[in-house]
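Please read it alongside the sequence and coordinates.

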Amino acid sequence: MAKPDHSIDPRILESAKKEFQERGFAGASLKTICAHAGITTGALYKRYAGKEELFCALVEPAVRDMLAVMRERKLFNPAEATDETLIHAWEMGMDEMMWWFDFLHERRESFVLLLTASAGTRYANFQHDWVENMTEATEVWYQEGFRRGLFQRELSRKELHIILTAFWSTVYEPFIHDMNYEEIKEHCEICCGLFNWYGALLLRP
């Protein structure tokens, strides 16, 4: 039995990436992708069921890694945390914030496609869904801190969702606007000053 030829897979993905970057998912053409990859449409369909599956092959590494981080962080039970840990969880220092920018920078091409070209795919609402998941994960930490009297301001889930939407927008936008790494570091410093969680939560003196 002949072994499947995987040598053309990188060409397909590279051609697809450029086409989706330039035209988005809706405007991308499988015919153009195949032509630039130097393959037939039949060869592509042997590997991918269609345009959406091809798009997902490009963005799912970033999605998978982001969701893995979220799952790992959800393993921590705030009820078992010390007061110091609960307070530190809201710290907005460069180390904490830059961790996310570095993480996403390492997955930059997949992440930018996800943000800018996913309309019409199963990931069209990824940004909203991510914030909703982060709201759920963050709320339990906030509620535990509020229950212990560490925070004096009571926030509704709706308010927390709105704040986190603004927060994550400041994370997404540098990639959407093609900032280089040095620009992102400068932007990170601004974000650390902009999002003063201790002031927003009225941390107990």
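A polar contact is a pair of N or O atoms within 3.5 Å; within protein, one must be able to donate a hydrogen and the other to accept it, and residues adjacent in sequence count only if both atoms are side-chain atoms. The model is predicted: local features need pLDDT of at least 70, side-chain atom pairs count only at pLDDT 80 or more, and totals for chains, interfaces and linings use all residues. Residues are numbered from 1 along each chain as its sequence is written, and side-chain values use heavy atoms, with hydrogens and water left out.

**Ser110 and helix H7**

- Ser110 is located in helix H7, residues 108-116; helices (H or I, at least four residues) are DSSP runs numbered from the N terminus.
- A polar atom of the Ser110 side chain lies 2.7 Å from the backbone oxygen of Leu58.
- Ser110 counts as buried because its relative accessibility is 17%, where buried means under 20% relative accessible area, exposed over 50% and partly exposed in between (1.4 Å probe, protein chains only).
- Beyond its neighbours within four places in sequence, Ser110 is in contact with Leu58, Val59 and Ala62; contact means heavy atoms within 4.5 Å.
- The buried residues of H7 are Arg108, Ser110, Phe111, Leu113, Leu114 and Leu115, and what covers them includes H1, H4, H6, H8, H9 and H10.

**Met92**

- Met92 is in the loop between helix H5 (83-88) and helix H6 (94-105).
- With 16% relative accessibility, Met92 counts as buried.
- Between Met92 and Cys192 the C-alpha to C-alpha distance is 5.3 Å, although the two are 100 residues apart in sequence.
- Leaving aside neighbours within four places in sequence, Met92 is in contact with Met97, Phe167, Cys191, Cys192, Phe195 and Trp197.

**Aromatic pairs**

- Searching the whole structure gives 20 aromatic pairs; rings of Phe, Tyr and Trp (its six-membered ring) pair if their centres lie within 6.5 Å, and planes under 30 degrees apart count as stacked, over 60 as edge-to-face and the rest as tilted.
- The Phe25 and Phe55 rings form an edge-to-face pair, because their planes are at 70°, with centres 5.8 Å apart.
- Phe25 lies in helix H1 (residues 9-27) and Phe55 in helix H4 (residues 51-74), so this pair ties together parts that are 30 residues apart in sequence.
- Both Phe25 and Phe55 are buried.
- Trp90 and Phe151 also form an edge-to-face pair, with ring centres 5.9 Å apart and planes at 80°.
- This pair links distant parts of the chain, 61 residues apart: Trp90 is in the loop between H5 and H6, and Phe151 in the loop between helix H8 (126-147) and helix H9 (157-176).
- Trp90 is buried at 5% relative accessibility, and Phe151 is buried with a relative accessible area of 3%.
- A cluster linked by ring pairs includes Trp99, Trp100, Phe111, Trp130, Phe167 and Phe195.

**Charges over rings**

- The charged end of Lys51 sits over the ring of Phe25, 4.8 Å from its centre; a charge sits over a ring if NZ of Lys or CZ of Arg is within 6 Å of the ring centre and within 35 degrees of the ring normal.
- Arg107 lies over the face of Phe103, 3.8 Å from the ring centre.

**Packing of H6 and H10**

- The axes of H6 and helix H10 (residues 181-194) come within 9 Å and cross at roughly 145°; axes are lines fitted to C-alpha atoms, for helices over the stretch in contact, and angles run from 0 to 180 degrees between N-to-C directions.
- Residues of H6 that meet H10 include Met94, Met97 and Phe101, and those on the H10 side include Tyr181, Ile184 and Cys188.

Note on methods. Helix = DSSP H or I, 4+ residues; strand = E, 2+ residues; numbered from the N terminus.
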